[in-house]
Amino acid sequence: NFQVAVTYVTREAPGDLPRRGQSAAALPFRLHALFVDAGNGQIMGKREWPTASGRSAIVPVIGGRFMVVTPDKLRLYSSTMEIQKELELTLSREAIDWRVAPSPGGKYLVVEYQPKSDVARGATATDFDWYRLWISMDNLQVLRTWTERGISAHDWTISDDGIAFDGSKIGRLDGPLEWLCRPYNNAKPYCGGYGSLLNNQIVFMSSPPSRDEWMALISTSGEVLMHQDYLHREIFRQLVHSADGRRFALALKKGKGGSAALDIPPHYSLSRIIVYDLAARKWIYTLDPKKEGIKDIQDLALSPDGSLLGLITQDGILDVYRLTGGGQS
């Protein structure tokens with residue numbers, strides 16, 4: 001049976017009275033993890049780690065291992081939750097903004113951050129320095145460090161064979177990235193949306209304020225392999241993928257009510273969750289939230305081989321569904 005790692009971050013109460021001018025964001029956080037048997041729902045273990053950021057998380061690593069990501073340290077654990085290696089970072093002290101992008105199978109990790117030195121030199125929105133580290137998650141070895149100036153795409157994705165896509169450019173992490181599309185020149189119809197690189201294919205979703213909601217599958221050379229429009233008033237909520245990169249699940253929300261004339265936005269609720277198989281090039285599963293009594297989800301995940309779909313409902317309940325490879329739920 002697979003284990004599901006359920007994570008959440010809490011803010012710890014300060015031990016002393018806060019100093020004048022101290023913001024709530026400066027309070028310490030704690031990352032919690034519950035390891036749950038997907039077969040019977042039993043909790044197999046619990047762990048927690050102190051951290052300086054609410055963005056801290058756990059990511060899977062090849063060989064059934066996992067990595068704890070915090071702004072000041074990467075911790076590599078075995079499948080039996082024994083620490084194997086650590087890598088010191090200094091992001092809580094040096095970075096204004098930071099994020100990480102793991103490859104689907106847990107082979108590589110890219111850490112990206114904007115240094116506080118940008119503030120000191122008066123950097124503008126188009127003049128940021130973005131520092132990046134390419135790390136092997138197998139042994140926490142830093143393979144490459146580099147800096148780029150400009151606006152970050154905020155949606156880095158990388159493959160297990162070292163190919164990177166930053167939303168507009170694509171290429172190997174150990175070489176220069178080339179333009180796949182330029183978001184604002186209308187040369188490619190799918191540029192400017194949200195893109196995720198899986199098995200040498202890019203899943204694109206339209207992003208606000210697009211009038212037409214769609215998703216598309218594009219090759220790394222720019223060839224459109226598949227296009228599909230969403231149902232009326234549906235919008236993209238979340239995309240997750242299996243560790244082998246062969247399947248992805250897409251959660252969609254649907255709006256009701258609202259008035260464009262009165263500038264009143266619609267009310268959105270979970271519409272459906274659909275699973276796509278890249279090898280078969282078709283949708284192989286649909287979950288109807290209304291049928292399952294689900295109003296919304298807090299998170300969504302696929303098992304490493306894409307055979308299980310896990311989600312946490314609005315009530316904090318973990319549900320796991322077995323995907324049979326075809327049909328609907």
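With a relative accessibility of 76%, K290 counts as exposed, and this residue is found in helix 3, which spans residues 289-292. The model described here is a predicted one, and its chain holds 3 helices and 26 strands.

**Charge on the surface**

- K290 gathers with R233, K254 and K256 in a patch of positive charge on the surface.
- The exposed state of K290 follows from its relative accessibility of 76%, because a residue counts as exposed when its relative accessible area is over 50%.

**Loop residues with positive phi**

- L140, a residue other than glycine, has a positive phi near 60°, and its place is in the loop that runs between strand 10 (129-136) and strand 11 (141-149).
- L140 counts as buried, because its relative accessibility is 4%.
- N199, also a residue other than glycine, has a positive phi near 50°, and it lies in the loop between strand 16 (194-198) and strand 17 (201-205).
- N199 is partly exposed, with a relative accessible area of 39%, whereas L140 is buried.

**The chain as a whole**

- Of the 329 residues in the chain, 44% are buried.
- The accessible surface of the chain comes to about 17200 Å², and 50% of this surface belongs to carbon and sulfur atoms.
- When contacts in the chain between residues at least 6 apart in sequence are considered, 41% of them join residues at least 24 apart.

Technical notes. Residues numbered from 1 in each chain as written. Predicted model: local features only at pLDDT ≥ 70, side-chain atom pairs only at ≥ 80, totals over all residues. Heavy atoms only, no water. Patch = residues over 30% accessible without salt bridge, like charges linked within 9 Å, V, L, I, M, F, W, Y side chains within 5 Å. Areas by Shrake-Rupley, 256 points an atom, 1.4 Å probe, with all protein chains shown as cover. Salt bridge = Lys/Arg side-chain N within 4 Å of Asp/Glu carboxyl O. Lys, Arg positive; Asp, Glu negative; His and termini not counted. Charge placed at Lys NZ, Arg CZ, Asp CG, Glu CD. Helix = DSSP H or I, 4+ residues; strand = E, 2+ residues; numbered from the N terminus. Buried < 20%, exposed > 50% of the residue type's maximum accessible area, 1.4 Å probe, protein only. Contact = heavy atoms within 4.5 Å.
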